Amino acid sequence: MSAFDPYTHLGISKNPDGTITRFFNAPTVKANPEPSPGTTVVSKDITIDPQKKTWVRIFRPTKLPSNDNTVARLPIVIYFHNGGFVLLSPDYTDSHQKCSLIADDIPSIVVSASFRLAPEHRLPTQYHDAYDAVLWVKEQLNLPNGEQWLKDYGDPSRCYLYGSDCGANMAFNVSMQTAVVDLSPLRIRGLVLNQPMFGGEKRTGSELKFATDQVLPLPVLDLLWSLALPNETDRDHRYCNPMVKGPHLDNVKKVVKCLVLGYNGDIMVDRQQEFVTMLVKCGVQVEAHFDQVGFHNIDMVDAARASEIIHIAKDFILG
């Protein structure tokens, strides 16, 4: 693959100052706060931090379940999108559709959080922004005039962190932070980690087997980590490879129950399975589903797989 250019594959170019220019124009969709005929989910955008330019898109089903004429409270799902820490945002069409499905099918109140992108903002910036989103949800629930959809329809005792790709990496890392702070009345019950993004210096079998994968070839995965990790670190940093030995493993023991989803055709599947093994060794309650057939981000192009993932997540959240 000597002639392969991972920058071109991602639709980006490197600038002399270390930033990148993003030529990849991902399709986006606007929020729809007002229900219209046939609409099953409504959404709205709210700024969290004007200086950091971070914001959330909140989703709620239009048909709210009720018990004895009282609206039943719904689980709160805080969602972190994919994009390898480098691309995309909550208004990306795929992220919007995925969160709409989660809100409609579970049903739930979904808070899809934006975060600053690498390499302009390297890790752990994304973890900080994700943690800020969790704190924002907590604050809204405590404020007399807090966000109405959260206060009126959300069940703070049933909160889940849900991430895809790099977003799953973020959900895992943020859960170690939230485990040691008081989030009352918010209670994080579990994590949904869809095809989590992990890496390491020593090549795994799946990385070598799928090195020329059409969706996520090995040079692209390496590039994403080189753009996202702190300067002067390598892929055995705990942000990338939490399976390495270190004091962070004491925090892993505090992680709430996890659902890990993956595909045997994913270049990172060996890492994901090592991750599950690490969680089990640390005493974390884990439910793992690895489909024999499929590749990284298959749920972005296969509606049936996307629906299947959310059905598994629903059983995990409501079970």
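Let's start at the pocket end of things: helix H1 (6–10) and helix H7 (218–228) each put at least two residues into the lining of the largest pocket. Bear in mind that this is a predicted model. The pocket holds about 420 Å³ of space, and 21 residues line it, with Leu10, Leu87, Val215, Asn297 and Met300 the closest to its centre. Sort that lining by class and you get 13 nonpolar, seven polar and one charged residues.

Now for the sheet. Eight strands form an open sheet in the order S3-S4-S8-S7-S9-S10-S11-S12, and the pairing is mixed. Strand S3 (41–49) and strand S12 (286–291) sit at the edges with a single partner strand each, so one side of each has no neighbour in the sheet. From one strand to the next, the twist averages 20°.

Look inside the sheet at strand S9 (residues 154–164) and strand S10 (residues 188–194): they run parallel and are joined by six bridges. One detail to pick out is leucine 161, whose bridge partner in S10 is leucine 191.

H10 touches S7, S9, S10, strand S11 (257–263) and S12, and its direction makes about 165° with that of S11. Helix H2 (residues 93–105) lies across S3, strand S4 (54–61), strand S7 (74–80), strand S8 (109–113), S9 and S10, at about 40° to S4.

H10 also turns up in the cavity story. The largest cavity, about 30 Å³ in volume, is lined by Lys98, Tyr162, Asn194, Asp299, Ala306, Ile309 and Ile310. Helix H10 (residues 303–318) gives the largest share of that lining, three residues. By class, the cavity lining splits into four nonpolar, one polar and two charged.

Terms used: Residues numbered from 1 in each chain as written. Predicted model: local features only at pLDDT ≥ 70, side-chain atom pairs only at ≥ 80, totals over all residues. Heavy atoms only, no water. 1 Å grid on protein atoms, 1.4 Å probe; cavity = no way out; pocket = protein on both sides within 12 Å on 5 of 7 lines; lining within 4 Å. Points joined across faces, edges and corners; volume = space filled by probe spheres on them. Helix = DSSP H or I, 4+ residues; strand = E, 2+ residues; numbered from the N terminus. Nonpolar A, V, L, I, M, F, W, Y, C, P; charged D, E, K, R; others polar. Pairing = 2+ DSSP bridges. Axes fitted to C-alpha atoms, helices over the stretch in contact; angles between N-to-C directions. Contact = heavy atoms within 4.5 Å.
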